[in-house]
Amino acid sequence: MTEPADITLYPASKLRILVAYLIDAGLAVACGLAVSQNVELTDERWIWIVWLAATIGFAAIQSLIFSQRGARTLGRRAMGLIVVSADGQKLSRFKRWMRFPLACISWGFAGLGIAWILFDRLHRSWHDLLTGSVEVPRLIKVKKTPPRG
């Protein structure tokens with residue numbers, strides 16, 4: 001089997017990546033609001049906990065379901081982006097699954113991990129750096145990683 005050719009990755013624009021994140025976050029917040037408005041609670045203080053749990057729950061479900069389809073969430077689909085490894089290959093299953101918990105950390109520091117896109121040369125957020133991934137425009141189909149052995 002031949003080795004994959006060296007390729008040059010051209011990361012997606014900062015604007016497209018940030019808009020994709022905002023679409024995904026907006027969907028999660030909207031679903032969290034819809035759930036929290038339809039839950040009857042005797043103590044109104046719990047409504048924020050219900051909203052937060054529903055928002056994170058929707059984001060987790062969306063991320064984990066779409067991680068099986070090339071890590072293309074609804075926001076990335078709308079912006080025409082795919083997530084690939086730094087060498088241009090398809091992300092491993094482990095890295096796709098690790099992106100969500102690491103993204104929670106990126107959002108958890110007041111969005112600083114997401115805003116890191118503005119400073120990184122390849123427009124990567126913290127969870128991209130930790131998983132060795134890059135968001136690129138979907139121009140071609142990415143081949144699966146060749147089997148080892």
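This is a predicted model: local features need pLDDT of at least 70, side-chain atom pairs count only at pLDDT 80 or more; totals for chains, interfaces and linings use all residues.
Colleague: Why is Arg 76 said to form a salt bridge with Glu 135?

Modeller: The closest N and O atoms of Arg 76 and Glu 135 are 3.2 Å apart. A salt bridge requires a side-chain nitrogen of Lys or Arg within 4 Å of a carboxyl oxygen of Asp or Glu, so the label applies. Arg 76 belongs to helix H3 (residues 74-79) and Glu 135 to strand E2 (residues 133-137); the pair, 59 residues apart, links distant parts of the chain.

Colleague: How do you know whether Arg 76 and Glu 135 are buried or exposed?

Modeller: Buried means under 20% relative accessible area. Arg 76 has 6% and is therefore buried. Glu 135 has 1%, so Glu 135 is buried as well.

Colleague: What makes the pair of Asp 128 and Arg 99 a salt bridge?

Modeller: The N to O distance between their side chains is 2.4 Å. That value falls within the 4 Å limit, and therefore the pair qualifies.

Colleague: Why are Asp 128 and Arg 99 called buried?

Modeller: Asp 128 has a relative accessibility of 0% and so counts as buried. Arg 99, at 5%, counts as buried because the cut-off is 20%. Salt bridges that share partners join Arg 76, Arg 99, Asp 128 and Glu 135 into one network.

Colleague: How many salt bridges does a search of the whole structure find?

Modeller: The search finds four. One of them is formed by Asp 120 and Arg 124, whose closest N and O atoms are 3.0 Å apart.

Colleague: Why is the link between the side chains of Asp 120 and Arg 124 also called a polar contact?

Modeller: The contact between these side chains is 3.0 Å. A polar contact is a pair of N or O atoms within 3.5 Å, one able to donate a hydrogen and the other to accept it, so this term applies too. Asp 120 is placed in the loop between helix H5 (112-115) and H6. With a relative accessible area of 12%, Asp 120 is under the 20% cut-off and is therefore buried. Both Asp 120 and Arg 124 are buried.

Colleague: How do you know that the span of H1 is close to the expected value?

Modeller: H1 has 24 residues and reaches 34 Å from its first C-alpha to its last, and the expected value at 1.5 Å a residue is 34 Å. Its buried residues are Ile 17, Ala 20, Tyr 21, Asp 24, Ala 28, Gly 32 and Ser 36.

Colleague: What lines the second largest pocket?

Modeller: This pocket has a volume of about 550 Å³. Of its 24 lining residues, the closest to the centre are Ala 59, Phe 100, Ala 103, Cys 104 and Trp 107. Helices H1 (14-37), H2 (47-67) and H4 (93-108) each supply at least two lining residues. H2 gives the most, with eight. The lining has 13 nonpolar, seven polar and four charged residues.

Note on methods
Residues are numbered from 1 along each chain as its sequence is written. Side-chain values use heavy atoms; hydrogens and water are left out. On a 1 Å grid over the protein atoms alone, a cavity is a set of points where a 1.4 Å probe fits but cannot get out, and a pocket is an open set with protein on both sides within 12 Å along at least five of seven lines; lining residues have an atom within 4 Å of a point. Grid points are joined across faces, edges and corners, and a volume is the space filled by probe spheres set on the points. Helices (H or I, at least four residues) and strands (E, at least two) are DSSP runs, numbered from the N terminus. Ala, Val, Leu, Ile, Met, Phe, Trp, Tyr, Cys and Pro count as nonpolar, Asp, Glu, Lys and Arg as charged, and the others, Gly among them, as polar. Buried means under 20% relative accessible area, exposed over 50%, partly exposed in between (1.4 Å probe, protein chains only). The expected span of a helix is 1.5 Å times one less than its number of residues.
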